[in-house]
Each structure stands twice: as structure tokens, then as C-alpha cells.
Amino acid sequence: MMTDAQVLAYVKAGAALHGLPLDEARTQAVAVHLARTAHLAQLLDEAPLAPEDELAEIYNPLAFKPSSIINT
């Protein structure tokens, strides 16, 4: 798990890479949300689930319906 300082540095580097002008308050807020999301992901990753606990077979996407509008 990253430290708070590492999360903040990651957010600053990502913002600079993508050209996002973040002030210090916004940078701190993004870092807090990112750290919280990473913690939640870690908890889910550590949950003792077996393959049969996965509900993926319930997912059923809608059938593809081509558009009646054709761009020429």
C-alpha cells in the first residue's frame, strides 16, 4: 500500500502528465479519494471468495441492434 505522500506524488505526477491544472486543495482531495478507493480495492482483493461465489454468469448484455441511420 502506498503512503499518503506517495499517493499525493502520484496524483501530482498524473495531473502534470495529462496537463490538468490542479490547485493544492484539489490535488489533496483527489489524493484522499484515490487512497480511499485503493483501500476499498485492497479489501475486496483480500475477501475470501471462491470462483463459484462470482456472479458473472448473471451478466447478460443486450443484443446488438445496428442503427437504422447510415452515414455516407
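Which side-chain oxygen reaches to within 3.3 Å of the backbone nitrogen of Ala25 at the start of helix 2? The oxygen belongs to Asp23.

Let me state the basis of what follows. This is a predicted model, in which local features need pLDDT of at least 70 and side-chain atom pairs count only at pLDDT 80 or more, while totals for chains, interfaces and linings use all residues. Residues are numbered from 1 along each chain as its sequence is written, and side-chain values use heavy atoms, with hydrogens and water left out.

The protein chain has two helices and zero strands; these are DSSP runs numbered from the N terminus, helices being H or I with at least four residues and strands E with at least two. Of its 72 residues, 8% count as buried, meaning under 20% relative accessible area with a 1.4 Å probe, protein chains only.

Helix 2 covers residues 24-46. Its 23 residues reach 33 Å from first C-alpha to last, close to the 33 Å expected at 1.5 Å a residue, where the expected span is 1.5 Å times one less than the number of residues.

Within helix 2 lies Thr27, which counts as buried because its relative accessibility is 4%. Leaving aside neighbours within four places in sequence, Thr27 is in contact with Leu8, Val11, Lys12 and Leu22; contact means heavy atoms within 4.5 Å.

Ala15, in helix 1 (residues 4-18), is buried too, with a relative accessible area of 9%. Ala15 and Thr27 are twelve residues apart in sequence and 8.6 Å apart in space, C-alpha to C-alpha.

Key
Buried < 20%, exposed > 50% of the residue type's maximum accessible area, 1.4 Å probe, protein only. Polar contact = N/O pair within 3.5 Å; in protein donor to acceptor, adjacent residues only side chain to side chain.
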